[in-house]
There are 4 protein chains.
Amino acid sequence: MLKELSPKAEQLRQELLKFMDDYVYPAEQTVKEYKETASDRWTIPPIIEELKQKAKAQGLWNLFLDHPEYGAGLSNYEYSHLCEIMGRSLIAPEIFNCNAPDTGNMEVFVKYGTDEQKKQWLEPLLNGDIRSCFSMTEPDVASSDATNIQSSIVRDGDEYVINARKWWTTGAMDPRCSIAIVMGKTDPDAEKHKQQSMILVPFDTPGVKIVRPLTVFGYDDAPQGHAEVHYENVRVPASNMLLGEGRGFEIAQGRLGPGRIHHCMRAIGAAERALELLCRRAESRVAFGSTLAEKDVIKEIIAESRIEIEQARLLTLNAAHKIDEHGAKAARKEIAMIKIAAPRVSINVIDRAMQVFGGAGLTEDFPLAEHYANARTLRLVDGPDQVHLRDVGRMELREQLKANELRQ
Amino acid sequence: MLKELSPKAEQLRQELLKFMDDYVYPAEQTVKEYKETASDRWTIPPIIEELKQKAKAQGLWNLFLDHPEYGAGLSNYEYSHLCEIMGRSLIAPEIFNCNAPDTGNMEVFVKYGTDEQKKQWLEPLLNGDIRSCFSMTEPDVASSDATNIQSSIVRDGDEYVINARKWWTTGAMDPRCSIAIVMGKTDPDAEKHKQQSMILVPFDTPGVKIVRPLTVFGYDDAPQGHAEVHYENVRVPASNMLLGEGRGFEIAQGRLGPGRIHHCMRAIGAAERALELLCRRAESRVAFGSTLAEKDVIKEIIAESRIEIEQARLLTLNAAHKIDEHGAKAARKEIAMIKIAAPRVSINVIDRAMQVFGGAGLTEDFPLAEHYANARTLRLVDGPDQVHLRDVGRMELREQLKANELRQ
Amino acid sequence: MLKELSPKAEQLRQELLKFMDDYVYPAEQTVKEYKETASDRWTIPPIIEELKQKAKAQGLWNLFLDHPEYGAGLSNYEYSHLCEIMGRSLIAPEIFNCNAPDTGNMEVFVKYGTDEQKKQWLEPLLNGDIRSCFSMTEPDVASSDATNIQSSIVRDGDEYVINARKWWTTGAMDPRCSIAIVMGKTDPDAEKHKQQSMILVPFDTPGVKIVRPLTVFGYDDAPQGHAEVHYENVRVPASNMLLGEGRGFEIAQGRLGPGRIHHCMRAIGAAERALELLCRRAESRVAFGSTLAEKDVIKEIIAESRIEIEQARLLTLNAAHKIDEHGAKAARKEIAMIKIAAPRVSINVIDRAMQVFGGAGLTEDFPLAEHYANARTLRLVDGPDQVHLRDVGRMELREQLKANELRQ
Amino acid sequence: MLKELSPKAEQLRQELLKFMDDYVYPAEQTVKEYKETASDRWTIPPIIEELKQKAKAQGLWNLFLDHPEYGAGLSNYEYSHLCEIMGRSLIAPEIFNCNAPDTGNMEVFVKYGTDEQKKQWLEPLLNGDIRSCFSMTEPDVASSDATNIQSSIVRDGDEYVINARKWWTTGAMDPRCSIAIVMGKTDPDAEKHKQQSMILVPFDTPGVKIVRPLTVFGYDDAPQGHAEVHYENVRVPASNMLLGEGRGFEIAQGRLGPGRIHHCMRAIGAAERALELLCRRAESRVAFGSTLAEKDVIKEIIAESRIEIEQARLLTLNAAHKIDEHGAKAARKEIAMIKIAAPRVSINVIDRAMQVFGGAGLTEDFPLAEHYANARTLRLVDGPDQVHLRDVGRMELREQLKANELRQ
């Protein structure tokens with residue numbers, strides 16, 4: 001490895017690998033059966049809460065949080081290795097209290113929350129007692145350009161009044177979801193990047209309406225789900241404003257760096273899982289006189305996957321390391337690059353695995369199709385590839401110009 | 001157009017286009033709502049039966065069948081143009097009684113059925129009164145190599161006894177499904193391509209067990225569905241054997257040519273629908289100062305899609321025409337080529353459209369993700385790409401060798 | 001075939017195939033040796049002139065020209081089939097007097113030339129006695145945007161004075177090159193698309209300076225070559241102006257349609273040649289225990305190539321047919337599409353062949369690398385892919401919008 | 001950076017960058033002009049020898065060699081960073097005495113040479129006084145499978161008699177080339193991987209015949225060139241056998257690891273150069289109303305290039321580091337992966353740059369097309385991609401199987 005893991009991180013990695021083998025993979029089937037037979041899909045499979053307790057007891061808990069007190073105090077580089085492992089199973093992140101959007105929300109509370117907010121929301125989140133959501137995207141505008149966001153947050157005495165039509169509010173269907181961070185305009189006349197703010201909305205506040213769960217391909221991703229949520233004349237105390245009016249973009253930026261690392265490393269974990277399944281399947285199935293594994297066309301598929309995965313992992317680890325060394329702002333190009341590269345690789349590898357599995361790969365008998373849907377979504381989350389490509393291109397041009405000047 | 005449509009086909013095309021605009025697209029939402037609210041998803045939305053009657057009344061019925069008496073008597077080339085239009089909506093094929101696997105099954109009855117079988121099964125199928133399914137693929141073996149199929153069909157006096165574990169039996173969940181064509185081994189000791197037979201199994205025969213519906217990327221494709229079906233000591237009269245023992249591959253081959261044309265033209269129709277939706281969306285959404293349609297990166301996406309669609313359509317029409325002129329056997333290479341090319345194009349175009357739609361494209365608010373799942377499935381149906389690529393490569397090598405000899 | 005060839009075209013096709021086998025392929029080696037040993041590469045290999053006479057004698061001459069008197073009177077669709085065959089060998093087009101840029105120039109003379117110009121330039125060109133060139137692209141500006149072209153053509157009494165720095169003037173190195181068509185600005189203040197004109201410059205006019213031959217991937221393409229040509233105060237009679245001042249774009253447009261069909265069909269011919277060579281090589285070479293042809297990875301390469309070629313050919317034939325039926329203007333989208341698609345396919349197939357040939361494929365022992373260089377150039381000739389993609393995207397959006405309106 | 005460079009390596013890197021700017025890039029034009037005007041292309045441009053002296057004087061010499069006495073004693077990881085920089089110019093590697101195949105040959109002498117051989121050949125090579133070549137590939141067999149190699153090396157008393165038809169003997173055209181390492185069969189009856197040996201052949205030995213220079217695309221790569229060389233009854237002392245009879249594969253393996261790192265890092269350097277040129281060109285050219293750099297489609301091209309380069313570099317550095325830590329044998333998969341990935345990336349990036357340059361990119365006015373030809377060659381050197389893909393697939397399957405067993 002170009003950069004060794006610390007002994008602490010390496011030990012956590014070993015424990016995590018073992019926990020995955022011992023508990024998480026076997027629980028996938030249990031969760032699947034629960035969802036198929038539960039009278040209400042939007043309830044929590046008991047095995048999840050059991051495993052959460054077990055993970056917490058073993059110290060495999062809140063590993064994402066670099067804060068030494070609230071979390072495990074790992075660097076982004078270190079946590080990336082653990083995050084990848086969690087990404088191998090769709091049920092894993094929650095078991096270790098490392099699931100989006102709670103991770104990002106907890107980071108926001110750590111960075112920007114008042115003591116009271118921390119006590120009220122951060123602590124139960126860190127404990128895994130409640131869950132949270134993040135309401136940013138809107139159905140009515142191209143939210144890839146965040147300046148398009150139309151929701152209004154209007155000061156009225158000691159309160160803010162929120163009116164917003166949001167969707168893709170992941171986790172909002174979860175019965176444990178207690179708090180939302182909502183983005184909207186406090187000042188439509190301000191300078192473009194000062195119009196938006198973020199505010200806390202307790203999920204039981206009158207006016208919060210869960211309109212419907214959205215599906216991704218045919219998945220509802222119960223029991224967390226992705227909801228369309230309308231906020232109709234929702235009133236919250238003025239103290240619920242995060243950081244201050246007009247600072248929504250600032251918070252969004254701070255939230256994005258590590259969050260994208262997490263998304264990407266999980267996507268790479270999903271790719272690793274798919275490649276492992278592909279190889280095992282290829283060993284076990286016979287067609288036209290030999291196992292699939294003996295066929296050169298399958299070996300090529302495997303090789304291409306391994307090459308893509310290694311490159312995407314190195315790129316992501318490099319970005320994580322740059323955040324550790326120089327901060328998320330200095331690593332903007334690196335972060336944008338992985339946001340483009342990692343989901344693509346994950347999609348490619350899972351797609352190849354589906355092809356080797358035949359029809360079986362499309363079903364829920366194997367986690368491939370669901371991982372695929374998840375990875376495909378990542379090409380849109382936090383902005384479509386096109387937006388990031390343009391940003392990377394712009395930054396590269398600027399750097400080349402500067403380098404060129406320096407040499408003359 | 002390189003080859004003009006006959007006036008009859010052109011008129012049907014115009015009528016079909018109008019019927020789609022007038023009835024089918026608007027019904028998509030109705031069907032969606034029916035499925036979301038029905039107490040049992042495995043029931044038929046009334047709108048479907050209504051539109052079937054309307055289509056039948058207008059003569060937009062059984063257009064797939066080239067038989068002049070049973071069907072519309074169109075050539076494969078002609079029907080391809082109509083089939084593409086039906087492919088634009090996932091609910092359309094059934095409305096015109098042109099949905100798989102019924103189309104292939106009806107062709108089998110026309111070609112290989114006895115008069116009695118035609119009376120009992122073909123007529124109600126042609127009428128749209130019942131539906132049928134086709135049980136070939138097995139979960140336990142790589143069915144891409146059809147010689148792997150393990151199900152047993154054993155003669156016992158005047159009956160055959162069938163024991164089979166099948167899956168991907170599309171349409172088996174449909175409450176109207178009345179008859180299955182089942183493939184299995186009658187003689188494990190025969191020459192490799194003479195071991196398999198096809199036999200008719202009325203779906204209410206004792207021992208037919210629907211184990212479960214399968215999902216494709218989370219979609220259950222209700223109410224037709226794709227079922228795992230077990231046939232346990234199922235007994236049918238010996239006269240249910242199609243064409244004769246050991247002739248399963250022969251029937252499979254005869255069934256495949258037109259069926260693949262249909263699959264491919266529907267996939268192209270889905271791509272056209274996606275491109276249309278993409279363009280409309282691009283005109284209507286604004287990001288970073290202009291509509292998406294004004295951006296060159298979006299124009300490139302549109303152009304690539306148009307170029308791919310045109311090529312895939314021409315390739316498929318060319319294959320259809322070759323079947324018309326020289327028969328399915330002579331067109332084997334052409335058919336294998338479209339089986340590879342058309343689903344890919346459909347996947348590419350729909351994927352681009354999803355990217356332009358953002359999150360909305362992943363939901364059921366638009367038909368994109370479901371069309372995607374459908375097109376992705378096509379890369380596996382009737383064998384994965386890899387099998388067809390090898391076949392095309394082999395045929396090409398043979399032809400090159402022969403051409404080379406002729407020139408010397 | 002979706003559209004049969006006329007008996008006349010079919011017969012020409014058969015004769016052309018035979019001529020290629022009998023004379024052209026064997027002459028490739030002769031030409032190669034001539035070039036390697038000639039004291040001056042910029043002279044004509046005698047075998048070329050011999051074969052020209054032979055081809056002319058057999059009526060395989062000027063087949064590109066649809067004019068019934070000057071040429072063979074074939075439709076674009078018909079000629080496309082012949083053009084593809086000529087494209088299989090880099091020395092072939094000239095042998096049949098069907099090489100660019102002479103073909104386009106002859107078309108310009110037929111369409112826009114005065115009787116006198118026809119007598120002076122068209123007739124010897126049709127006879128293959130002289131050759132011509134076309135000076136449009138300039139090194140100093142992005143000529144993909146033809147409005148950038150800076151050369152000046154200034155009226156001075158009965159003459160025009162031309163000052164121009166041109167390059168990529170194909171054929172200008174040829175000792176037989178006698179006439180150039182030069183594009184430049186007659187009126188920098190006119191409306192954007194009326195500034196440019198085309199004018200005839202006899203190549204022995206004082207002030208015409210051949211600066212140097214350019215290379216394409218190391219090839220000088222002798223003896224035609226691609227020259228940088230400077231026109232320094234070159235004076236020609238006012239009657240040399242083609243069609244009239246400010247009509248340069250009009251001529252360029254008229255010239256482009258058939259010319260792009262030719263380029264694309266030749267590119268497809270090159271791909272066919274490469275695939276043939278690939279297959280033969282794969283049959284004859286053994287590695288790791290079997291011939292390359294027996295390996296599935298090679299069969300996949302062959303299949304992908306065949307699929308791509310068929311599609312590109314159909315797309316190009318379809319465009320040719322549309323020009324025949326509706327004129328080049330109505331076929332603008334179709335022409336732009338093949339301009340993008342056909343060179344790509346040619347590049348892909350030749351590249352795969354090179355990979356199968358190993359090092360041999362990079363040398364001049366086989367025509368692969370030179371065909372590759374040629375096909376790669378096509379992605380830039382008449383504008384880079386990016387320009388055509390944008391155009392196709394724009395036309396598609398317009399058509400979708402219109403279709404949508406019609407349906408409402 | 002995931003792993004920092006040592007201060008020594010970092011300082012060399014800075015000096016190398018400066019040397020490139022000060023001397024190497026400016027010399028490219030001088031070398032080009034020398035070749036265009038020299039009466040004999042197969043002679044050394046004086047500027048090369050001048051810069052060699054300058055580089056040697058500055059200690060920028062033999063940096064590739066990890067041997068602390070003969071070379072700079074840098075690790076593979078460290079040298080990779082320097083090698084990439086040299087790869088930016090095709091004339092650079094020789095200037096720093098780091099050009100293939102001399103580097104590999106020098107490594108062979110260091111590892112396997114006798115003291116006498118070192119004195120006679122290694123020392124003048126290290127001094128840059130002579131050059132060497134490596135004769136392995138044969139025109140008559142698929143040399144991708146090295147067991148195919150047919151040349152014979154027969155013991156006859158105190159001598160070996162060599163009969164071999166070799167080609168792609170890079171450097172053999174160089175007037176300074178003095179020594180060849182030749183691979184051939186000493187024992188056709190031995191076990192497959194013990195049949196081949198490597199032997200030293202002084203280039204002035206009777207029977208060594210340079211048949212012709214080969215071209216790559218249209219480049220002759222003078223004055224080094226790639227020659228077809230025949231060895232006809234060439235007699236050398238028995239002591240010229242390297243390491244011992246039957247150990248040819250062993251030497252080949254030992255030679256390959258670092259050599260591939262070098263090839264790949266140079267390819268990445270070429271990609272960086274191309275991207276730099278692309279960006280500068282895009283800033284300076286205007287089309288359709290804005291600079292190319294302002295267009296989003298160009299920004300995408302730039303971003304894709306940056307993403308690909310970063311990934312390929314990290315993959316290669318990772319492989320270099322693994323060789324440093326665990327030896328070339330343990331790093332076989334890593335080395336095979338970069339052999340596939342790095343040339344592809346280089347090809348992609350250079351190809352995009354050519355597209356942005358338009359016709360200019362194909363000429364020798366810019367180094368793009370020649371770098372392209374070079375990178376394309378790399379997909380064949382040391383075996384085509386297909387061979388390495390199969391190897392990576394096979395190793396991956398083996399590791400997955402093992403990992404799976406360990407977990408159970």
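Predicted model: local features only at pLDDT ≥ 70, side-chain atom pairs only at ≥ 80, totals over all residues.
## A buried strand in chain C

A residue counts as buried if 20 or more other C-beta atoms lie within 10 Å of its own, with C-beta atoms placed from the backbone. Which residues point which way? C:Arg131, C:Cys133 and C:Ser135 go to one side of β1(C), while C:Ser132 and C:Phe134 go to the other. Both sets are buried.

What does β1(C) pair with? Its partner is strand β4 of chain C, residues 177-185, and the two run parallel with five bridges between them. To pick out one of the pairings, C:Ser135 has C:Val182 as its bridge partner in β4(C).

## How chains C and D relate to chain A

Start with chain C. Rotating by 180°, with 0.0 Å of shift along the axis, puts chain C onto chain A at an RMSD of 0.0 Å. The two copies are thus related as by a two-fold rotation axis. In chain C, C:Val297 has the C-alpha nearest that axis, at 2.7 Å.

## The contacts between D and A

How many residues meet between chains D and A? On chain D there are 37, in contact with 37 of chain A. On the chain D side, α7 (248-284), α8 (296-330), α9 (332-357) and α11 (385-407) each bring at least two residues to the contact. The most comes from α8(D), with 15 residues. Sorted by class, the side of chain D that touches chain A holds 17 nonpolar, six polar and 14 charged residues.

The interface residues of chain D are, at 100%, also interface residues in chain A, so these copies meet through the same surface.

## The contacts between C and A

Now for chains C and A. Four residues of chain C are in contact with four of chain A. On the chain C side, that is one nonpolar residue, no polar ones and three charged.

Which surface does each copy use? Again, 100% of the interface residues of chain C are interface residues in chain A too, so the copies meet through the same surface.

An unreviewed UniProt entry puts the domain "Acyl-CoA dehydrogenase/oxidase N-terminal" at residues 7-129 of chain A. What is the make-up of that stretch?

One joins A:Ala100 to A:Pro101, with omega about 0°. A:Pro101 sits in the loop between α4 (92-95) and α5 (102-112) of chain A. Another joins A:Ala222 to A:Pro223, with omega about 5°. For A:Pro223 the setting is the loop between β6 (208-214) and β7 (226-237) of chain A.

## Positive phi at two asparagines

B:Asn62 has phi near 50°, a positive value in a residue other than glycine. Where is it? B:Asn62 is in the loop between α2 (46-57) and α3 (76-86) of chain B. With 24 other C-beta atoms within 10 Å, B:Asn62 is buried.

D:Asn233 also has phi near 50°, positive again without being a glycine. This asparagine, D:Asn233, lies in strand β7 of chain D, residues 226-237. Is D:Asn233 buried or exposed? D:Asn233 has 11 C-beta neighbours inside 10 Å, so it counts as exposed.

## A closer look at B:Val154

B:Val154 belongs to strand β2 of chain B, residues 152-156. With 14 other C-beta atoms within 10 Å, B:Val154 is partly exposed. Leaving aside residues up to four places away in sequence, B:Val154 touches B:Tyr160 and B:Val161.

How far is B:Val154 from B:Ser284? The two are 130 residues apart along the chain, and their C-alpha atoms are separated by 62 Å.

Terms used. Residues numbered from 1 in each chain as written. Chains lettered and ligands numbered in written order. UniProt positions renumbered as here; feature names shortened; annotations may be inferred. Least-squares fit on C-alpha atoms with pLDDT ≥ 70 in both. Contact = placed C-beta atoms within 7 Å. Helix = DSSP H or I, 4+ residues; strand = E, 2+ residues; numbered from the N terminus. Nonpolar A, V, L, I, M, F, W, Y, C, P; charged D, E, K, R; others polar. Buried ≥ 20, exposed ≤ 12 C-beta atoms within 10 Å, placed from the backbone. Pairing = 2+ DSSP bridges.
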